[in-house]
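The exercises that follow are meant to be worked with the sequence and the coordinates open side by side.

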2 protein chains.
Amino acid sequence: MLTPASASPRHIVFLAFQGFQVLDLAGPMQVFLSASEHARDSATGLPIDYRVSVVSSGPTRVQGSLSLAIDAEALPSALKPGTTVMVVGGKGVEAASHDPLLIGWLRTHKDEAERICSVCNGALVLARAGLLAGKRATTHWVDCDKLQRNFRDVTVDRDAIYVRDGKIWSSAGVSAGIDLALALVADDHGEAAAAVTAKWMVL
Amino acid sequence: MLTPASASPRHIVFLAFQGFQVLDLAGPMQVFLSASEHARDSATGLPIDYRVSVVSSGPTRVQGSLSLAIDAEALPSALKPGTTVMVVGGKGVEAASHDPLLIGWLRTHKDEAERICSVCNGALVLARAGLLAGKRATTHWVDCDKLQRNFRDVTVDRDAIYVRDGKIWSSAGVSAGIDLALALVADDHGEAAAAVTAKWMVL
């Protein structure tokens, strides 16, 4: 029997929209890339294999904060097994949470996804798609009241850096997305893999 | 006498190059923008006014890591008073440190700049421009040996998150650029301003 060259690939699909907060995406993405480049699965010692993509319901080039833009693919019609969907936040989140294509896509694919995550006020998009109903979640502290007021069936945790409730993970603002991503790496590949990744990123 | 509407503007010029590490730029940039949006000068209570720009010796659109790109201006022919130059790092740093336009620009304007900073392996660019000669500096831990080997007149501090030596500030890898930027905000506007900014970014 051949020894596998690396741990099973895991897919991370970032959902971007016009006006996304660049750090919400770049921080977690760097975590997954650094884990794949520098860390190994804690149990098997095999290299880690995250495959990262960015998708959008709109144009190919998506403009984010800080004058940075990213090239995104169209929303996929199916998710590969072992896919984590990450919804980022930003000043464009209000428009994104009313984008029927984006919200419809989340509803259609929520059962296929292994995990669905939000960074910062991306939680508002998950809430609008009905994914936080009856669940615990968090968001940027400045948006906690808004999330609670608009979605009364969500239990908002104002003090957490990230919250896991079943397959839904949500994180607090901006840099908390990095903590969330490290927690996902730990969940997938053990604490040692997450520690190597954090050391690489000088966290 | 009219009361000023905000603290004196300070200019932050990010020096980008093909293959720059997006987090090296986006982390510090978000610090300066968050400080301007949410914090006040600790001594005077006035709003903070950082004016951020991105410049490059090459094409207008500069491709960074993580599939992100940024629109940059040409290298300016003069620096405004109160300008901090920030040189980021990334996989393109080796080519950047051999770019005669970029290195020549740094040498020409080093006396005009109020501060010159590096993030991650951007320290190699400062070293190549002769700005670290006889000075203490740091870089990503994986690059400390290389910096020391190639530039024997630099005192490399391997354990620091950031190092200040006169007007030259250097930081360790990736996320350490955020710590450096917060230290610059504290230097300009006091610790309270830096604390408000960090809270906003959930650090």
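**Exercise 1.** Within what distance do the axes of α1(A) and α6(A) come, and at roughly what angle do they cross? Describe how the two helices are arranged, and then list the residues that meet.

*Solution.* The model is a predicted one, and the values used here are computed from it. As a first step, take the axes: those of α1(A) and α6(A) come within 8 Å and cross at roughly 30 degrees. Angles under 35 degrees count as roughly parallel, and α1(A) and α6(A) are therefore roughly parallel to each other. The handedness of the crossing of α1(A) and α6(A) is right-handed. For the residues, α1(A) brings Asp24(A), Gly27(A), Pro28(A), Val31(A), Phe32(A) and Ala35(A), which meet Gly177(A), Ile178(A), Leu180(A), Ala181(A), Leu182(A) and Val185(A) of α6(A). Sorted by class, the residues of this contact are nine nonpolar, two polar and one charged.

**Exercise 2.** Determine how α6(A) packs with α7(A), and which residues make the contact.

*Solution.* Helix α7(A) covers residues 191-200, and α6(A) packs with α7(A) at an angle of about 145 degrees, the axes being 7 Å apart. The crossing of α6(A) and α7(A) is right-handed. On the side of α6(A) the contact is made by Leu182(A), Val185(A), Ala186(A) and His189(A), and on the side of α7(A) by Glu191(A), Ala193(A), Ala194(A), Thr197(A) and Ala198(A). The classes here are six nonpolar, two polar and one charged.

**Exercise 3.** In what order do the strands of the seven-stranded open sheet of chain A lie, and which helices lie across its strands?

*Solution.* Begin with the order, which is β5-β2-β1-β6-β7-β11-β10 in chain A, with mixed pairing. The edge strands are β5 (73-74) and β10 (162-165) of chain A, each of which pairs on one side only. Inside the sheet, β1(A) (residues 10-15) and β6(A) (residues 83-87) run parallel and are joined by five bridges, and Val13(A) stands opposite Val85(A) in β6(A). Turning to the helices, α1(A) (residues 22-38) lies across β1, β2 and β6 of chain A and runs at about 155 degrees to β2(A). Helix α6(A) (residues 176-189) lies across β1, β6, β7, β10 and β11 of chain A, and runs at about 145 degrees to β11(A).

**Exercise 4.** Work out what chain B contributes to its contact with chain A, and how the β4 strands of the two chains pair.

*Solution.* The contact takes 22 residues from chain B and 22 residues from chain A. On the side of chain B, the elements that give two or more residues are α1 (22-38) and β4 (68-71), and α1(B) gives the most, with six residues. By class, this side has 15 nonpolar, six polar and one charged residues. Between the chains, β4(A) and β4(B) pair in the antiparallel sense over three bridges, and Ile70(A) stands opposite Leu68(B) in β4(B).

Within chain B, β3(B) (residues 61-63) is joined to β4(B) by three bridges, and the two strands run antiparallel; Gln63(B) has Ala69(B) as its bridge partner in β4(B). Their hairpin has four residues between the strands, and Leu66(B) takes a positive phi near 60 degrees there. The faces of β4(B) complete the solution: Leu68(B) and Ile70(B) form the covered face, whereas Ala69(B) and Asp71(B) form the uncovered one.

Definitions and conventions. Residues numbered from 1 in each chain as written. Chains lettered and ligands numbered in written order. Predicted model: local features only at pLDDT ≥ 70, side-chain atom pairs only at ≥ 80, totals over all residues. Nonpolar A, V, L, I, M, F, W, Y, C, P; charged D, E, K, R; others polar. Pairing = 2+ DSSP bridges. Axes fitted to C-alpha atoms, helices over the stretch in contact; angles between N-to-C directions. Left-handed = near helix turned anticlockwise from the far one by under 90°. Buried ≥ 20, exposed ≤ 12 C-beta atoms within 10 Å, placed from the backbone. Parallel < 35°, antiparallel > 145°, perpendicular 65-115°, else oblique.
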